[in-house]
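Work through the exercises below with the sequence and the model open. Each task is followed by a solution in steps.

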Amino acid sequence: RQTYIDLRNRAGMSWEAIDLARALHVRYPERQDVQAQWWSTLTEQARPDAQEVNEALSRSQIAAQDMTTAKQIEHHATRGRLLAHSQQWEQAWQEHEQALLLAQNSQGPELARPLIAKADSLYEAGLINESCEHLWQACATYRYSPYTVHAYRKLNARLPESTQADLQSIA
């Protein structure tokens, strides 16, 4: 079910993803993998419920310390998105930077996902050019994956809004 939720999010079918993730979260509220999926699904929403975001932020502060590096990257990127939804920009940038620092020796989806997350937060903050630059980096990650395709689609949608000449030439 969790893979199905992730696929729905990337396909732009967030209403289905949020319903499934919420149902799993209600049924298994203490499972860390279900919590992480719920928080990640919240971040994909254009305007998630503020109370749900605040609850996720509160609970994600007490995350398990025995996470793998990949899980830590995902955790920091997700917290960054949640903080951005709450317009807590400075803390969001810190979480995103921590995710990217942990991912610096990674490739493929493990690097593309935190780049896309930061790009989405930058876009939400109105920093279109910076968002496009991060999406460009996500598109350039090697071992291509569904996340690089997802980054490419988002980049194509945002490029026309860019004011930077070199980004406009790509559009």
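Helices here are DSSP runs of H or I with at least four residues, numbered from the N terminus. The model is predicted.

**Exercise 1.** Locate histidine 76 and list what it is in contact with beyond its neighbours within four places in sequence.

Solution.
- Step 1: Histidine 76 belongs to helix H5, which spans residues 69-85.
- Step 2: With neighbours within four places in sequence set aside, the contacts of histidine 76 are Glu95, His96, Gln98, Ala99 and Leu102.
- Step 3: One of these contacts is polar: the side chains of histidine 76 and glutamate 95 make a polar contact at 2.6 Å.
- Step 4: For another glutamate, take glutamate 16, which lies 60 residues from histidine 76 along the chain; their C-alpha atoms are 25 Å apart.

**Exercise 2.** Describe how helix H4 packs on H5, giving axis distance, crossing angle and handedness.

Solution.
- Step 1: H4 covers residues 50-60, and its axis comes within 10 Å of that of H5.
- Step 2: The two axes cross at roughly 145°, and the crossing is left-handed.
- Step 3: From H4, Val53, Ala56, Leu57 and Ser60 take part; from H5, the partners are His75, Arg79, Leu82, Leu83 and His85.
- Step 4: Sorted by class, this contact of H4 with H5 holds five nonpolar, three polar and one charged residues.

**Exercise 3.** Are helices H6 and H7 roughly parallel or roughly antiparallel?

Solution.
- Step 1: H6 (residues 89-102) and H7 (residues 109-124) have axes that come within 9 Å and cross at roughly 165°.
- Step 2: Angles over 145 degrees count as roughly antiparallel.
- Step 3: H6 and H7 are therefore roughly antiparallel to each other.
- Step 4: The crossing of H6 past H7 is left-handed.
- Step 5: On the H6 side the contact is made by Trp89, Trp93, His96, Glu97, Ala99 and Leu100, and on the H7 side by Pro114, Leu115, Ala117, Lys118, Ser121, Leu122 and Glu124.
- Step 6: By class, the contact of H6 with H7 has eight nonpolar, two polar and three charged residues.

**Exercise 4.** Is serine 121 buried or exposed?

Solution.
- Step 1: Serine 121 sits in helix H7.
- Step 2: Buried means under 20% relative accessible area.
- Step 3: The relative accessible area of serine 121 is 0%, so serine 121 is buried.
- Step 4: Leaving out neighbours within four places in sequence, serine 121 is in contact with Gly80, Arg81, Ala84, Trp89, Trp93 and His96.
- Step 5: Leucine 83 is 38 residues from serine 121 in sequence, with a C-alpha to C-alpha distance of 8.8 Å.

Terms used
Residues numbered from 1 in each chain as written. Predicted model: local features only at pLDDT ≥ 70, side-chain atom pairs only at ≥ 80, totals over all residues. Heavy atoms only, no water. Axes fitted to C-alpha atoms, helices over the stretch in contact; angles between N-to-C directions. Helix = DSSP H or I, 4+ residues; strand = E, 2+ residues; numbered from the N terminus. Parallel < 35°, antiparallel > 145°, perpendicular 65-115°, else oblique. Left-handed = near helix turned anticlockwise from the far one by under 90°. Contact = heavy atoms within 4.5 Å. Nonpolar A, V, L, I, M, F, W, Y, C, P; charged D, E, K, R; others polar. Polar contact = N/O pair within 3.5 Å; in protein donor to acceptor, adjacent residues only side chain to side chain. Buried < 20%, exposed > 50% of the residue type's maximum accessible area, 1.4 Å probe, protein only.
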